[in-house]
Amino acid sequence: MGCIYKSPNEPIEARVQDLLSRMTLQEKLGQMTQIERSVATTPSAVNLLCIGSILCCGGSGPFERALSSDWADMVDTFQESALQSRLGIPILYGIDAIHGNNNVYGATIFRHNVGLGATRDAELARRIGVAMALEVRASGIHYNFAPCVAVCRDPRWGRCYESFSEDTEIVRKMTSVLIGLQGQPPKGHPSGYPFVADRSNVVACAKNFVGDGGTVNGKNEGDTISSYEDLEKIHLAPYLDCISQGVCTVMASYSSWNGSKLHTNHFLLTQILKEKLGFKVMVPFRYEQYLEDLTYLVESGEIPMTRIDDAVERILRVKFVAGLFEYPLSDRSLLDSVGCRAWLFALVIGFNARICWHVVVLEKHETFSIAYECVRLHRELAREAVHKSLVLLKNGKDQRKPFLPCDKNAKRILVADTHADNLGYQCGGWTATWEGKSGKITIDLKAPDLKMSFAESMTCLYRNPNEPLEARIKDLMSRMTVKEKIGQMTQIERSVATPSAVKDLSIGSVLSGGGSKPFEKATSSDWADMVDGFQKAALESRLGIPIFYGVDAVHGNNTVYGATVFPHNVGLGATRCCRDADLAQRIGVATALEVRASGVQYAFAPCIAVCKDPRWGRCYESFSEDTETVRKMASILIGLQGQPPEGHPKGYPFVAGRNNVMACAKHFVGDGGTNKGENEGDTVLSFDDLERIHMAPYLDCISRGVCTIMASYSCWNGRRLHTDHFLLTEILKDRLGFKGMVISDWEALDRLVNLYGLNYRNYVLSTINAGIDMVMVPFNYELFLEDLMYLVESGEIPMARIDDAVERILRVKFAAGLFEYPLSNRSLLDIVGCKLHRELAREAVRKSLVLLKNGKDPKKPFLPLEKNAKRILVAGTHADDLGYQCGGWTATWAGTSGRITIGTTILDAIKEVVGSETEVVHEPNPTPDTFAGGDFSFAIVAVGEPPYVESGGDNSELTIPFNGAEVVSLVADRIPTLMILISGRPLVLEPWLLEKLDALVAAWLPGSEGRGITDVIFGDYEFQGRLPMTWFKRVEQLPLHAEENLEDPLFPFGFGLTSNIKVLQN
């Protein structure tokens, strides 16, 4: 956990040096070795030998006609093996993707470099590089043996078509393809230092260094005879450009220079390339290295250890720059970019590559779930490259009578010769196989039987991400039937969702109710498999409208085993060192990443209720009793969805990208202000007070582009929020300008039926007409759809109301990019529960702790505790219970006791932090016999509430459960005692108990990272937390809060001490 090289926040050179210092000689030599996939026969070979890289030689693949997904499976298998090695160093997987990802069946095959050189269009080359990088990364591959920057001086050379030109300046210009492959380095990027922009880019390779295009008589692997000055001027110049653009690797040439083989030329490879040109990364040799020979040469001293360290340092630098330690596995969300889903037509022109060049072939991907952008971009880009590359050498026998253009309406046309109908000849070498071959070597031109024809799909505005969002909505809605529209308004639970229901009924959304999961202890990858299954069904519907999948990720992705569980909102509200809104935002970012890793796009969070009474069972879901604190902490929304750009229209939904989620501000409105804190009760207030106290946080969320708002189960002055047209439509949508989607709460219609006894159809009518856009049905969806269809056909629900609802739902889906990227992003899986996120959660815990008492004598603070105390008693029901520590909405709906996920309990944390000579005695329920041995230095007693949710948490007494006060009293009578209260709200603290305590800490519901507690109580960090709620003395005082009733609180709103008994100032 303390390894610098594993921390993405450390400087790259520090990470390189740290990792290098930990490596054995065998591991270093393994990193210098690249082997072919066919001889990497077992993953254990990669693991045990610490192999640095695997490659596919030209045409080598998993099997005949393997798709990108098949390649990704293969590459991930090797990568997973590498990650299991002692140091977990990822491999680089390399491939010759020199004119598209040309080994992969179904990939887009672009024209060869000689054709691109004819365009002299550097921007076109860059865009092709972008497309190539996307398709290569989709196959799980990180490393591309391209571009070839040879200057071809003789067309007799067998690699002539791999060169852009005989002219050095043209080759230099066209090296812009490198920027497309790796990304554009920022201004000030050090020259010679490798650069890869992100996971949509690849590690590139400038090749073949140097002079391979200038050999005598164009002989491949021959001898280039020239002075150094000419070599530098003609052949070396393009490498200077590549190095300045951050090229990651340079490949040595098979050829010679003045009789000296390039692979063994120290002057060119080291003195010129590395030292003079300042190239900071590796020079890969493309033949197999035998580790035993290399070991012998190092051990004999014939190869100095400094040379080995230099090589490995360069290799590691590239791996760190490429982000392989953070994102080693394939990004399956990119699969949709490969070759695109619709048929892409090609010009059928072919010439011998030495007198002209190969032209592009465009084809289809096998699935039908692809965004229009890929279809348009890759098709038009490749087609553009073809028509820009064509050189007209003759046009008519008579200069006054041009022969071209041809007449499209000619009566009869002869198409002849060997290349007119030969896909392999069109593509040339390095396609499907190393040499290329004749015939239909990739996907042919017969259109499949699709639900929507190619011609029709190409005219659909809604599939084109370059069209204005509102135009896309309007276009899609014009194509939808009533059945499809009401299907979009329906959200159903995963346990009743079938692929056929999702597809045939055009269901708009699927969710997991609290605790509902694929199976017990399902990991993020299991969730992604499940969500993608539902999504693929949705994409097979007539219009291919994607679903969004929703979960209650209210304090991390809390239903997923192994995810980071953050403190509940009440604890975040206590982070009152400037009421740490930045912390909340960072937690939002981490939560979004872990949610998206599971394939889920929609989080039912944040809860922005203003809790006015701690008797409410959802008190811990609220940041505070104070409206301004809630407003500030609602910045978590920016973390979840991303920061809208300046000028973003107010009220318009916003999602920054695929690492963000659609969020849901809930529960609109006033749910925290019900009488006596009754869940789903009645908030009795004037509209002015409702607006000022409870509605204000919604204005902030709306201005930040919140995608959805959930209606509350509760009432306002006796009127159910789910059927309140005034609040949902006249206020929220019309007056506040909310353009996103309003969703019901779980089984809201069923609850209305149970409360009032009217038939189900009545509440379908009243909720939809009130302004609910999507109904969380979640089980009896057939009845809902039947009743909704009846009400629309009868005119009781106007079609305009249906269209408004569907328009809002589609607006959110388009804003979230679901049409472009509907499937899960598997490259995020490694971030789930990662050290960075757990450290963030730990920071949140320590900042949330509120010190309420510290010492019986104000002059003698009890805290911080002594780490090297002789003997410590750790007691109480909550000292070693991860479930109690996390609270409700964790693993299950209500939460539960025990080791429910991966995390650190308070006891675990104490054992980690105390001295090696300290004895820690754990006794959950101590008795007088516990103290018979005597000699305890002090006790830490953790007591509090069991997990609960919603109405199950309503509590009119608010005493410490499990006889907590008595347990603490028993200990405090005998030993100096710190009491840690684990709860979702203030609880009754009797005067006699407070008097006995030496110190008291309110820890709220801290989540999975118990080390945050020991960080503070043992003095590594200072207390910073302040009460987000007024702490009452007696339940009879409630509601007691800073705004209206300050009658004799035990601790006022905003109270908190430091360890030196200084009161934190508001």
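Colleague: What makes Arg 811 and Glu 470 a salt bridge?

Modeller: In this predicted model, the closest N and O atoms of Arg 811 and Glu 470 are 2.9 Å apart. The cut-off is 4 Å between a side-chain nitrogen of Lys or Arg and a carboxyl oxygen of Asp or Glu, so the pair qualifies. It links distant parts of the chain: Arg 811 lies in helix 29 (residues 799-815) and Glu 470 in helix 16 (residues 469-479), 341 residues apart.

Colleague: Why is Arg 811 called buried, and what is Glu 470 called?

Modeller: Buried means under 20% relative accessible area; Arg 811 has 4% and is therefore buried. Glu 470, at 34%, falls between 20% and 50% and so counts as partly exposed.

Colleague: How do you know that Asp 582 and Arg 586 are separated by about one helical turn?

Modeller: Both belong to helix 21 (residues 581-597) and are four residues apart, which means a separation of about one helical turn. Asp 582 has a relative accessibility of 46% and Arg 586 one of 30%, so each counts as partly exposed.

Colleague: What makes strand 13 and strand 20 edge strands of the open sheet?

Modeller: The order is 13-12-11-10-20, with parallel pairing. Strand 13 (602-603) and strand 20 (775-776) each pair on one side only.

Terms used:
Residues numbered from 1 in each chain as written. Predicted model: local features only at pLDDT ≥ 70, side-chain atom pairs only at ≥ 80, totals over all residues. Heavy atoms only, no water. Pairing = 2+ DSSP bridges. Helix = DSSP H or I, 4+ residues; strand = E, 2+ residues; numbered from the N terminus. Buried < 20%, exposed > 50% of the residue type's maximum accessible area, 1.4 Å probe, protein only.
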